[in-house]
Amino acid sequence: MPMIDVQKVSKWYGAFKVLTECTTRVEKGEVVVICGPSGSGKSTLIKCINALEPFQEGQVTVDGVRVKDPATDLPKLRSRIGMVFQNFELFPHMRVSENLAIGQVKVLGRSRDEAMERGLRYLDRVGLANQRDKYPGQLSGGQQQRVAIARALSMDPIAMLFDEPTSALDPEMINEVLDVMVELAREGMTMMCVTHEMGFARTVAHRVIFMDEGRIVEDCAKDDFFGQPRSERAQLFLSKILHH
Amino acid sequence: MEGAFDWAVIWKSRQILWDGFLLSLQLFAIALAGGIVFGTLLAMARLSSWRVLSWPATGFVNLIRSIPFIMAIFWFYFLTPMVVGKITGQQGEAVGPFMSAVVAFIMVESAYYSEIIRAGIQSIPRGQPWAAYALGMGYWQAMGHVVLPQAFRNMLPIMLTQAIILFQDTSLVYVVGLKDFLGAASKQGQITGRIVELYIFVAVAFFAICFLASQLVKRLQARIAVR
């Protein structure tokens, strides 16, 4: 059974079709990178996996649980899937330590002490233990994103979704975030990453999905994708972002 | 002409004026609390994707905001006793002017506050509730822990400004015969024939309180802006 199973997902914004019959699957421990030009539906697709974006047709199943099933406890399912956003989305009115603890306390029902301890362990892992009492606004973008990753990890997720985690970062901060993600991938975390960081894809991805105009155009092993993408659009896309 | 004023009347009337002031304060506090609580719920209903909630809420807010405040006070003064009377089966003055004023104030203020709060909620980027939901929070948790605390913080200056206006508006209840601050001064003025002195005193008191409060809001605004 795949960890994440996406079956013929279609989505419309009014009359505009943003996703067309997207089908893919992610096995346990697999790292899948989703790339494609802007507006191709990558971020929308990844948000369908934990139903932050509703979709009209198709089915998403995570760890055997159907996302769209009315009987599904959606908050519970979401609490098992970590998500990292382009703009970090730390809670600006809470200190770093509270950001790490709130989900554990309010959703998982852990005690405050336990949540703090666990959160700080992950904060230490992303190299920011000394920032625990700061507010997000006092941190750099790269630091905020690392805190966001630690916040997601402290919920003990079965899979992680990354929605362009480095797109809002200054160039010198991208690597500190990618390093954390690479480490995570090497530990065997199931990951789905929307990103343009092809270096990251080459290093840790098992598969690469290429999207264009709401469709999954390519879905293949990493080496095939970088070796000989079958579609012209993927070739064009790669030549554009790799030619520097 | 100076001798024409008799300021001693204010000292002599201090008990009645103080009682009136307390009544105004009481009404203010109830209307403020009720306005913010119901205003928040109204704002959430208006922003709901569920039309059963958003349409009536929108209708209510637009209706109340299109009626002069003083009319709403009159209206509830005559209407609520009748409605309550119908429900309880008792005759006439089941409610009284204070309760009807309270109902009117809470309804009107909740409509005003809901517009402020709605703007405040909408000022929070969409990613914030997303992040809360992604952690597994439900709607009320996301609102209570993530969206509203930030929204209220952004709205604080404008909410306090509205509170100052509300405090001034409490003087409107004298039209239904309540002895609020202005009502007390008015009655006392008729009895003593010193209505000018009493009105000047009330005006000065309102000015002092509201001016002071608005200065505090300004300072608060500056402090929030730095952060």
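User: Which residues of α3(A) are buried?
Analyst: The model is predicted. Eight of the 11 residues of α3(A) are buried, so the helix is largely enclosed by the rest of the structure. The buried residues are A:Val96, A:Asn99, A:Leu100, A:Ala101, A:Ile102, A:Gly103, A:Gln104 and A:Lys106.

User: What covers the buried residues of α3(A)?
Analyst: The cover draws on chain A and chain B. From chain A it includes α4 (112-125) and α5 (141-153). From chain B it includes α7 (139-169).

User: Which element gives the most to the side of chain A that touches chain B?
Analyst: The contact takes 18 residues from chain A and 16 residues from chain B. On the chain A side, α2 (74-79) and α3 (96-106) each supply at least two residues. The top contribution is four residues, and it comes from α2(A).

User: By class, how many residues has the side of chain A that touches chain B?
Analyst: Take the chain A side of the contact, with its 18 residues. Sorted by class, these are nine nonpolar, five polar and four charged.

User: In what order do the six strands of the open sheet in chain A run?
Analyst: The pairing in this sheet is mixed. β6 and β10 (215-221) stand at the edges, each with a single partner strand, so one side of each has no neighbour in the sheet. From one strand to the next, the twist averages 15°. The order is β6-β7-β8-β3-β9-β10.

User: Which residue of β7(A) stands opposite A:Gly82?
Analyst: β6(A) pairs with β7 (residues 159-163) of chain A in the parallel sense. Four bridges join the two strands. Opposite A:Gly82 stands A:Met160.

User: At what angle does α5(A) run to β6(A)?
Analyst: α5(A) lies across two strands of chain A, β6 and β7. Relative to β6(A), the helix runs at about 170°.

User: Is A:Phe88 buried or exposed?
Analyst: A:Phe88 lies in the loop between β6 (81-84) and α3 of chain A. Its C-beta atom has 26 C-beta neighbours inside 10 Å. The threshold is 20 or more, so A:Phe88 counts as buried.

User: Which residues does A:Phe88 touch, not counting residues up to four places away in sequence?
Analyst: A:Phe88 sits in the loop between β6 and α3 of chain A. Leave out residues up to four places away in sequence. A:Phe88 then touches A:Gln144, A:Gln145 and A:Ala148.

User: What is the phi of A:Phe88?
Analyst: Most residues other than glycine have a negative phi. A:Phe88 is not a glycine, yet its phi is positive. The value is about 65°.

User: What separation do the C-alpha atoms of A:Phe88 and A:Arg215 have?
Analyst: The two residues are 127 residues apart along the chain. Between their C-alpha atoms, the separation is 27 Å.

User: In what order do the four strands of the open sheet in chain A run?
Analyst: This sheet has antiparallel pairing. β2 (16-26) and β5 (65-66) stand at the edges, each with a single partner strand, so one side of each is left without a neighbour. The order is β2-β1-β4-β5.

User: Which residue of β4(A) is the bridge partner of A:Ile4?
Analyst: β1 (residues 4-13) and β4 (residues 57-62) of chain A run antiparallel. Five bridges join them. The partner of A:Ile4 is A:Val62.

User: What is the phi of A:Glu21?
Analyst: A:Glu21 lies in strand β2 of chain A. It has 13 other C-beta atoms within 10 Å; exposed requires 12 or fewer, so A:Glu21 is partly exposed. Its phi is positive, in a residue other than glycine. The value is near 40°.

User: How many helices and strands are in chain B?
Analyst: From the N terminus on, the elements run α-α-α-α-α-α-α-α-α. The C-alpha atoms fill a box of roughly 70 × 55 × 25 Å along the principal axes. The count for chain B is nine helices and zero strands.

User: Of the contacts in chain B with a separation of 6 or more, what percentage is between residues 24 or more positions apart?
Analyst: Chain B has 227 residues, of which 37% count as buried. Consider its contacts with a separation of 6 or more. The share from residues 24 or more positions apart is 70%.

User: Which residues does B:Ile73 touch, not counting residues up to four places away in sequence?
Analyst: B:Ile73 is among the residues with the most contacts inside the largest nonpolar core. Beyond four places in sequence, it touches B:Ala101, B:Ala104, B:Leu172, B:Val173, B:Val175 and B:Val176.

Technical notes: Residues are numbered from 1 along each chain as its sequence is written. Chains are lettered from A and ligands numbered from 1 in the order in which they are written. This is a predicted model: local features need pLDDT of at least 70, side-chain atom pairs count only at pLDDT 80 or more; totals for chains, interfaces and linings use all residues. Two strands pair if DSSP finds at least two bridges between them. Two residues are in contact if their C-beta atoms, placed from the backbone, lie within 7 Å. Ala, Val, Leu, Ile, Met, Phe, Trp, Tyr, Cys and Pro count as nonpolar, Asp, Glu, Lys and Arg as charged, and the others, Gly among them, as polar. A nonpolar core is a set of buried Ala, Val, Leu, Ile, Met, Phe, Trp, Tyr and Cys residues joined through C-beta atoms within 7 Å. Axes are lines fitted to C-alpha atoms, for helices over the stretch in contact, and angles run from 0 to 180 degrees between N-to-C directions.
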